[in-house]
Amino acid sequence: MGQILLIGAHLLPRWPQQFALGLGFARWPWQLNLVGALLVMAGLTLAIQAFVSLGSSLSPLPEPKEGNRLISSGAYKRCRHPMYQAVLLCSLGVVIGVGSLLHLLLLLLLVLVLGG
């Protein structure tokens with residue numbers, strides 16, 4: 001449940017605004033917006049690959065479905081938890097893309113929730 005709330009909280013507006021950070025520019029650089037967007041797209045692509053790789057083994061619960069085999073192909077060939085990796089990649093993209101300390105805190109909390 002905490003994971004879902006943290007992911008949803010990424011829709012909150014940035015805080016503080018960039019000018020409050022004293023970085024010397026009034027707008028967040030477009031290059032960082034682009035890098036952030038590319039990371040979010042990479043994360044979404046990884047999530048889709050993970051969903052497709054799971055096929056009928058897909059479950060909203062953290063425990064595997066009874067009688068299913070271990071998936072070790074597709075996205076699961078490279079990483080044990082590609083859906084978690086996808087969530088973290090998207091979150092990092094949001095942090096870089098919007099330049100928000102609030103979103104950085106959300107990313108760090110997601111790391112704690114998903115790693116624990």
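**Exercise 1. Find which helix gives the largest share of the lining of the largest pocket, then describe that pocket.**

Solution. 
Step 1. In this predicted model, α4 supplies the largest share of the lining, with seven residues.
Step 2. Look for other contributors. At least two lining residues each come from α1 (2-8), α2, α4 and α5.
Step 3. Take the whole lining. By class, 27 are nonpolar, nine are polar and four are charged.
Step 4. The pocket comes to about 1,300 Å³.

**Exercise 2. Describe α4: its span, its buried residues and what they pack against.**

Solution. 
Step 1. Count and span. α4 has 17 residues and reaches 24 Å from first to last C-alpha. That is close to the 24 Å expected at 1.5 Å a residue.
Step 2. List the buried positions. They are Pro82, Ala86, Cys90, Ser91, Gly93, Val95 and Gly97.
Step 3. Find their partners. The buried residues of α4 pack against α2, α3 and α5 (101-115).

**Exercise 3. Decide whether Gly93 is buried or exposed, and find what it touches.**

Solution. 
Step 1. Gly93 belongs to helix α4.
Step 2. Apply the cut-off. Buried means under 20% relative accessible area. Gly93 has 1% relative accessibility, so it counts as buried.
Step 3. List the contacts. Setting aside residues up to four places away in sequence, Gly93 touches Gly36, Leu39 and Val40.
Step 4. Compare sequence with space. Asn33 is 60 residues from Gly93 in sequence. Their C-alpha atoms are 8.6 Å apart.

**Exercise 4. Describe α2 (residues 30-54) and say what covers its buried residues.**

Solution. 
Step 1. Count and span. α2 has 25 residues and extends 36 Å between its end C-alpha atoms. This is close to the expected 36 Å.
Step 2. Pick out the buried residues. These are Gly36, Gly43, Leu46, Ala47, Ala50, Ser53 and Leu54. Gly36 is also one of the residues that Gly93 touches.
Step 3. Identify the cover. It includes α3 (75-78) and α4 (82-98).
Step 4. Look past the helix. Gly55 follows α2, with a positive phi near 55°.

**Exercise 5. List the residues of the largest nonpolar core and trace them to their elements.**

Solution. 
Step 1. Name the members. The eight residues are Leu46, Ala47, Ala50, Leu54, Ile71, Ala75, Tyr76 and Ala86.
Step 2. Assign them. α2 and α3 are the elements that give two or more residues to this core. α2 gives the most, with four.
Step 3. Look for another core. A separate one has five residues, including Leu6, Ala9, Leu110 and Leu114.
Step 4. Follow one member of the largest core. Beyond its neighbours within four places in sequence, Ile71 contacts Ser53, Leu54, Ser57 and Tyr76.

**Exercise 6. Summarise the whole chain.**

Solution. 
Step 1. Count the elements. There are five helices and zero strands. From the N terminus the order is α-α-α-α-α.
Step 2. Of 116 residues, 28% count as buried.
Step 3. Check contact range. Take contacts between residues at least 6 apart in sequence. Of these, 68% join residues at least 24 apart.

Conventions: Residues are numbered from 1 along each chain as its sequence is written. This is a predicted model: local features need pLDDT of at least 70, side-chain atom pairs count only at pLDDT 80 or more; totals for chains, interfaces and linings use all residues. Side-chain values use heavy atoms; hydrogens and water are left out. The expected span of a helix is 1.5 Å times one less than its number of residues. Buried means under 20% relative accessible area, exposed over 50%, partly exposed in between (1.4 Å probe, protein chains only). Contact means heavy atoms within 4.5 Å. On a 1 Å grid over the protein atoms alone, a cavity is a set of points where a 1.4 Å probe fits but cannot get out, and a pocket is an open set with protein on both sides within 12 Å along at least five of seven lines; lining residues have an atom within 4 Å of a point. Grid points are joined across faces, edges and corners, and a volume is the space filled by probe spheres set on the points. Ala, Val, Leu, Ile, Met, Phe, Trp, Tyr, Cys and Pro count as nonpolar, Asp, Glu, Lys and Arg as charged, and the others, Gly among them, as polar. A nonpolar core is a set of buried Ala, Val, Leu, Ile, Met, Phe, Trp, Tyr and Cys residues joined through side-chain atoms within 4.5 Å.
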